[in-house]
Amino acid sequence: MSHPAPSTTRLFSHATAQAPGKVNLSLRVGTPRVDGYHPVASVYLAVSMLEEVTATPRQDGEITVTLSEQSSAFVDPDAIPVDSSNLAARAALRLREYLGRDPQTHGVHLEITKQVPVAGGMGGGSADAAAALLACAALWDAGLSRQTLAEIAAPLGADVPFAVMGGAAVGLGVGDELTPLLARHPVHLVLVPATTGLSTPQVYGLLDQLREEGGLPMPEADPEVDPQLVQALTSGDAEELALLLANDLQVPAATLVPELSEMLDVGLEEGALAGQVSGSGPTVMFLARSAEESFQLAARIEDRTGVAAVAVHGPVHGARVL
Ligand code: ATP
């Protein structure tokens, strides 16, 4: 469908949007489908580690990307493509095509300020795509609903719709069939990003291999979300939530990066209610009882290991224009 440019042209010099990184409080993974994708049952939580994208119009039709120097110290700039394969650039291109805007004149420059670790299992690239989408939608006066924007960007990655929607949600299918959860109580976490990333396909591949070889049990049925975990999340019961965190990707991730097991031990020894690898890793997350405890826990982990640890909370809003 083609959307004509509005007759009254608004002259935005730029637009800035933010989108959150995510953790999976629970990530159950089934055996690969015939199309090669894994069915998952995930409980997503958007956390207060935000990506920011500023979109500035370019009259030459080009879609370009740079990484801001304000990005976090644990973001390795060399790990991020700044060509047309960058997920933010791909999101802008999809939106321009959807809107039917002239590719000769409707270019955009995207400056990304990253806080979310690259290839860290927190959906950072997906958050960049979501923020780019909202920023470009504002710049081009798209007049589209959040739901439509999420659908436009869904083919870019299973985590993109959640980065657009934010909050907390159950994700089925490949993680893109979202059901929002009414989680009004904050969950307090400490995140320990790793300096190097892990390839998501490699982690899924090792899960399949370990299951086939008998090193891990085969799942009995299609993955499902534990209703007790949803209950613990929506009622804000951190102690109960701690007992129910789950991640089928943790064993393969910790097999590929053995230091993850040591970091999990450190967090528990320092008083975390529970610890778990986030998504496909290698970011490790710890659950705390309160904001105060999360700050204390982050400081103790940093003191003991010399590795940066960040106190965050969720759920937070999805992608939004500032
Ligand atoms: P997920 O949890 O969604 O599997 P992730 O958080 O582990 O993803 P990302 O940070 O999204 O991983 O990056 C995965 C890969 O995508 C990177 O290794 C990088 O090559 C590529 N990539 C493309 N665009 C971006 C972007 N804007 N930011 C980060 N990585 C990007």
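This is a predicted model: local features need pLDDT of at least 70, side-chain atom pairs count only at pLDDT 80 or more; totals for chains, interfaces and linings use all residues.
The shell around the ligand draws at least three residues from each of two domains, domain 1 (15-182) and domain 2 (187-314), with the domain bounds coming from an automatic or database domain assignment. Residues are numbered from 1 along each chain as its sequence is written.

Of the 23 residues around the ligand, those that come nearest are L87, G124, G125, D128 and T200, where a residue is near a molecule if its C-beta atom, placed from the backbone, lies within 6 Å of it. The elements giving two or more residues to this shell are α1 (87-99) and α2 (124-139), and α2 gives the most, with 4 residues; helices here are DSSP runs of H or I with at least four residues, strands are runs of E with at least two, and both are numbered from the N terminus.

Let me turn to helix α9. Which residues of α9 (residues 259-269) are buried? They are L260, M263, L264, V266 and G267, buried meaning that 20 or more other C-beta atoms lie within 10 Å of a residue's own, and exposed that 12 or fewer do, with C-beta atoms placed from the backbone. Seen down the axis of α9, the directions from the helix axis to the C-beta atoms of its buried residues fall within an arc of 160°, so these residues line one face of the helix. On the other side of α9, E262, D265 and E269 are exposed. After α9 comes G271, whose phi is positive, near 110°.
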